Amino acid sequence: MNGLPVGIKICILAFWMIVVPGLVGGFFGTSRNELNRGKGRVAYMWVSGQFVLWALFWMICVPCTLLELDLPYVVYSYGAISVLLAAGGAVMVFRHWRQNGRHGLKLLRIADKGSRIFWGIAALLLLLQLVQAVRMTYADGDDAYYVAVSSITANAETMYQKLPYTGGTTGVDIRHGLAPLPVWIAFLSKVSGIRAVSVAHVAAPLLLIPMTYMVFYLLGRKLFAGKEKRIPFFLIFTELLVLFGDYSFYTVENFMIARSRQGKAALGSIVIPMLFVLLFVLLTRLQEEKNCGRAYWFLFVCVMITGCLCSTMGAVLCCLLVAVTGGCAALCYRKFRILLPLALCCLPCVICAVLYMLNG
Amino acid sequence: MSHAVWLLQEYMGSGLIVIWFLIALLYLFVREEKKPVRILFVYVPLVLLFLFFNPLFVKVMGSLLGDEIYYRVLWLLPMTPTLGYVIVKLCVALRGKRRCLLTVGAVGLVVLSGSYIYRNPFFAKADNWYHMPDSVVKICDAIEVPGREVTAVFPLDMVQYVRQYSPVVCMPYGREMLVDTAWNDWAVQDDLCDVMESETVEAERLGQLAKEKGCIYIVLPGKKKVKGDLQKAGYALFAEIEGYNVYRDVTFAP
């Protein structure tokens with residue numbers, strides 16, 4: 001891949017970062033579930049596709065790391081399954097369009113005509129953040145670990161077996177290997193031929209920042225169900241709160257904008273907000289005394305696994321949020337049976353936490 | 001003062017956003033009618049805050065997450081969506097000029113209470129598409145040898161970037177030297193680093209320590225005072241790049 005023109009490399013990267021998740025999301029975008037209603041289904045498709053791919057990546061990469069297998073095993077197996085899933089998703093979308101005729105194109109609609117000016121303001125604020133993500137750099141010491149791991153993995157093709165700060169080989173670093181988001185960046189670097197450092201510092205924020213707002217959009221869609229004109233207002237204020245969220249070094253907004261490429265940033269700004277979306281849907285369905293459907297629970301598990309992919313701490317935080325919300329829901333609605341599926345969704349995180357502690 | 005209270009104060013920083021969040025929480029507690037919103041935006045944050053300050057919970061989570069990152073439990077509070085939801089709810093409850101005034105006021109409140117992220121002093125204009133300092137990129141490109149790794153000693157202000165850009169350039173010490181020893185148990189001390197960072201570098205001592213650590217290259221800022229001759233210590237000037245002098249082991253044959 002290294003000998004290809006830069007334009008081609010960027011197209012390959014865009015294929016893996018934008019097209020494949022969108023197509024994989026076709027399974028969700030064409031299924032009947034609570035999140036797949038009304039406008040904005042394209043955002044739901046793309047976000048859900050990305051979560052499925054991240055969960056898949058964790059399930060392939062962690063065993064490979066523990067078995068001390070090299071990166072090509074991950075690249076070929078993850079790459080092949082992703083392409084198969086994307087092809088399946090594409091078939092689903094095509095069939096959906098054929099069955100529904102012009103109405104099938106509603107999948108792509110996100111806005112009402114009357115609220116376009118506010119959508120425009122929200123888009124401009126997002127554009128500002130994307131331009132700044134390319135133009136500005138943030139010096140963070142933790143990159144010396146995470147980005148170096150991506151660079152080393154893409155170059156040496158071993159996973160967590162080299163010392164990131166100084167070089168030289170070492171035993172497998174299992175504790176960090178349980179949260180292999182840097183290896184995902186190495187994968188993108190490997191398949192596109194773009195240096196891992198550029199993928200981490202430039203390409204990853206261009207993917208993860210819009211994804212954050214897509215998740216907020218999904219949340220807004222549920223919060224303001226039936227009052228869609230309020231969604232762009234909600235997005236404008238969330239963007240302003242992010243842009244002016246640097247009131248301390250520790251805020252999730254600081255992590256999201258300044259250190260997007262690090263797993264903990266993705267955890268705080270994408271995974272946890274996505275859990276809010278899913279939990280809100282669950283609460284709504286509990287109130288309506290209806291089921292959420294298989295697609296919902298499948299996505300829920302994928303989001304929980306993504307929490308593990310981002311950070312080993314994510315396993316604990318995701319379980320905590322689910323436990324507290326599940327407990328509140330069970331008490332408020334007097335439906336304690338909801339705790340069982342929620343507990344099952346936490347299983348991957350529990351396994352991850354146990355592995356982490358066993359290697360402590 | 002307990003660790004949790006201290007962490008909350010640190011998290012709140014200079015801004016008032018956390019206070020607005022607590023007020024929004026109170027508003028929703030009193031006025032919100034939708035049960036799912038009440039649960040997710042009121043009850044769950046209240047339970048999480050209760051847990052956050054609970055000494056037993058602090059102890060358990062502190063041991064699981066680590067005391068210094070315990071503040072990340074606060075990431076579970078839906079601050080941004082709650083504030084966004086309440087602002088929109090308040091704005092749409094009004095009509096005409098009042099709505100405009102409240103919207104502008106809310107924007108002003110967010111702007112004045114928070115801190116613009118791109119004003120953070122750690123942000124700087126990127127030198128290149130790698131988001132690495134040009135000096136690091138050019139020096140690494142110059143010293144890389146195809147098909148093998150090379151070891152080079154860099155000034156401390158460059159160590160955190162070197163292996164992000166080039167995984168084939170190894171170093172005798174890395175970012176661990178930048179960490180405060182009082183704060184992290186993985187911070188270390190290194191004689192070579194002490195010599196490199198001293199005001200006047202003793203050439204012979206530097207050459208001797210660099211050889212011991214297997215360094216093929218030594219990178220020194222051009223302005224650095226060097227006492228003695230590095231050539232005599234076994235390192236000859238290889239290149240001058242972006243204000244840095246790069247010395248190479250005279251016995252090295254690439």
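Before the details, some conventions. The model is predicted, so local features need pLDDT of at least 70 and side-chain atom pairs count only at pLDDT 80 or more, while totals for chains, interfaces and linings use all residues. Residues are numbered from 1 along each chain as its sequence is written, and chains are lettered from A and ligands numbered from 1 in the order in which they are written.

I'll start with chain A. Its secondary structure comes to 16 helices and one strand; helices (H or I, at least four residues) and strands (E, at least two) are DSSP runs, numbered from the N terminus. The radius of gyration of chain A is 20 Å, close to the 21 Å from the globule rule for 360 residues, so chain A is as compact as a globular protein of that length. That radius is taken over C-alpha atoms, and the rule is 2.2 Å times the number of residues to the power 0.38. Along the principal axes, the C-alpha atoms of chain A fill a box of roughly 60 × 50 × 45 Å.

Of the 360 residues in chain A, 57% are buried. Buried means 20 or more other C-beta atoms within 10 Å of the residue's own, exposed means 12 or fewer, and partly exposed is in between, with C-beta atoms placed from the backbone. Among contacts in chain A with a separation of 6 or more, 74% are between residues 24 or more positions apart; a contact is two C-beta atoms, placed from the backbone, within 7 Å.

One residue to look at in chain A is E68(A), in the loop between α3 (41-66) and α4 (71-100). Its phi is near 60°, positive although the residue is not glycine. E68(A) is partly exposed, with 13 other C-beta atoms within 10 Å.

Pairing here requires at least two DSSP bridges between the strands. Y138(A) has F123(B) as its bridge partner.

Next, chain B itself. The domain assignment, which is automatic or from a database, gives domain 1 (3-119) and domain 2 (134-249). Their centres, over C-alpha atoms, are separated by 46 Å.

Chain B has an open, mixed sheet of five strands in the order β3-β2-β5-β8-β7, with β3 (169-170) and β7 (235-241) at the edges. Two bridges join β2(B) to β3(B) in parallel, and T151(B) stands opposite C170(B). β2(B) also pairs with β5(B), parallel over two bridges, with V153(B) partnered by I218(B). On to β8(B): β5(B) pairs with it in the antiparallel sense over five bridges, and L220(B) stands opposite N245(B).

How buried is strand β5 of chain B? Four of its five residues (217-221) are buried, so β5(B) is largely enclosed by the rest of the structure.

Last, E242(B) sits in the loop between β7 and β8 of chain B. Its phi is near 50°, again positive in a residue other than glycine, and with 13 C-beta neighbours inside 10 Å E242(B) counts as partly exposed.
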